[in-house]
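Here is a short report on one protein model and its ligand. Please look over the sequence and the structure before reading on.

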Amino acid sequence: MIRLLLIGPPGAGKGTQAAELAKYFGIPAISTGDIFRENVRNETELGLKAKAFMDRGEYVPDSLTNELVRDRLSKPDAQVGFLLDGFPRTIDQVTELDQILHDSNKKLDAVVQLTADGDELVRRLSGRALEQGRSDDTPDVIQRRLSVYEEQTAPLIDVYVSRGAVAMIDGLGDVEEVTGRIIEALAARGFSK
Ligand code: ADP
């Protein structure tokens with residue numbers, strides 16, 4: 001049983017590592033980006049609201065995001081543990097997550113910070129644009145997402161560092177190599193499957 005956050009800039013490989021870690025620990029990987037994209041695809045009310053923000057590389061408003069996460073974390077599969085990929089991304093979301101955990105008498109076990117330098121991030125995101133055709137992987141929107149991350153999300157790492165919860169992991173290298181680093185860092189903190 002483990003409750004994890006995965007934080008890092010767009011292109012750091014959060015989605016890929018989230019899937020690996022979820023398999024390893026037997027917990028659900030909950031990606032707010034994936035949930036928003038699914039809602040956009042299905043043209044739900046939430047999807048219609050979120051799309052305009054996503055297409056500009058801006059964050060979806062906290063009120064919508066927080067409600068979505070509170071609901072998702074209340075589902076049965078998230079009671080055995082979870083990995084949140086891409087949440088929290090703002091101070092308001094940190095406060096909401098604290099409240100959700102407090103309300104259910106749970107606590108966070110670790111925060112994995114995935115790092116990669118700026119050039120590598122742009123290279124990966126541009127490559128993905130060609131493969132997947134995500135509407136927010138165009139050059140302008142990629143730049144916007146990277147700067148929104150620096151402004152709004154990078155500062156959250158200090159909040160979690162001050163709580164002693166952060167494992168900083170180099171996101172460069174093969175997928176398995178990076179997964180190995182994360183698993184090792186978590187094992188060193190006493191968390192293994
Ligand atoms: P990336 O990390 O590559 O930017 P994501 O799939 O995590 O990709 O997010 C895609 C988009 O979904 C974000 O740019 C944002 O518009 C929206 N989004 C995802 N998570 C959040 C969040 N926690 N708060 C606000 N918006 C979010």
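Contact here means heavy atoms within 4.5 Å. The model is predicted: local features need pLDDT of at least 70, side-chain atom pairs count only at pLDDT 80 or more, and totals for chains, interfaces and linings use all residues. Residues are numbered from 1 along each chain as its sequence is written, and side-chain values use heavy atoms, with hydrogens and water left out.

**Arg-72**

Arg-72 sits in helix α4, residues 62–73. Helices (H or I, at least four residues) and strands (E, at least two) are DSSP runs, numbered from the N terminus. Leaving aside residues up to four places away in sequence, Arg-72 touches Pro-28, Ile-30, Ile-35, Asp-77 and Ala-78. With Asp-77 there is also a side-chain polar contact of 2.8 Å. A polar contact is a pair of N or O atoms within 3.5 Å; within protein, one must be able to donate a hydrogen and the other to accept it, and residues adjacent in sequence count only if both atoms are side-chain atoms.

**The ligand site**

| Protein atom | Ligand atom | Distance |
|---|---|---|
| Lys-14, polar side-chain atom | oxygen | 2.9 Å |
| Arg-37, side-chain N or O | oxygen | 2.8 Å |
| Gly-86, backbone N or O | nitrogen | 2.8 Å |

Taken alone, the ligand exposes 540 Å², and the protein buries 97% of that. The areas come from the Shrake-Rupley method with a 1.4 Å probe.

**Helices α2 and α3**

Arg-37 also belongs to a helix pair. In α2, Gly-33, Phe-36, Arg-37, Asn-39 and Val-40 meet Leu-46, Gly-47, Ala-50, Lys-51 and Met-54 of α3. These residues divide into five nonpolar, three polar and two charged. Nonpolar covers Ala, Val, Leu, Ile, Met, Phe, Trp, Tyr, Cys and Pro; charged covers Asp, Glu, Lys and Arg; the others, Gly among them, are polar. The axes of α2 (residues 32–41) and α3 (residues 45–56) come within 8 Å and cross at roughly 115°. Axes are lines fitted to C-alpha atoms, for helices over the stretch in contact, with angles from 0 to 180 degrees between N-to-C directions.

**Backbone details**

Glu-43 lies in the loop between α2 and α3. Its phi is positive, about 50°, although Glu-43 is not a glycine. The peptide bond from Phe-87 to Pro-88 is cis, with omega near 0°. Pro-88 falls in the loop between β3 (82–85) and α5 (91–103).
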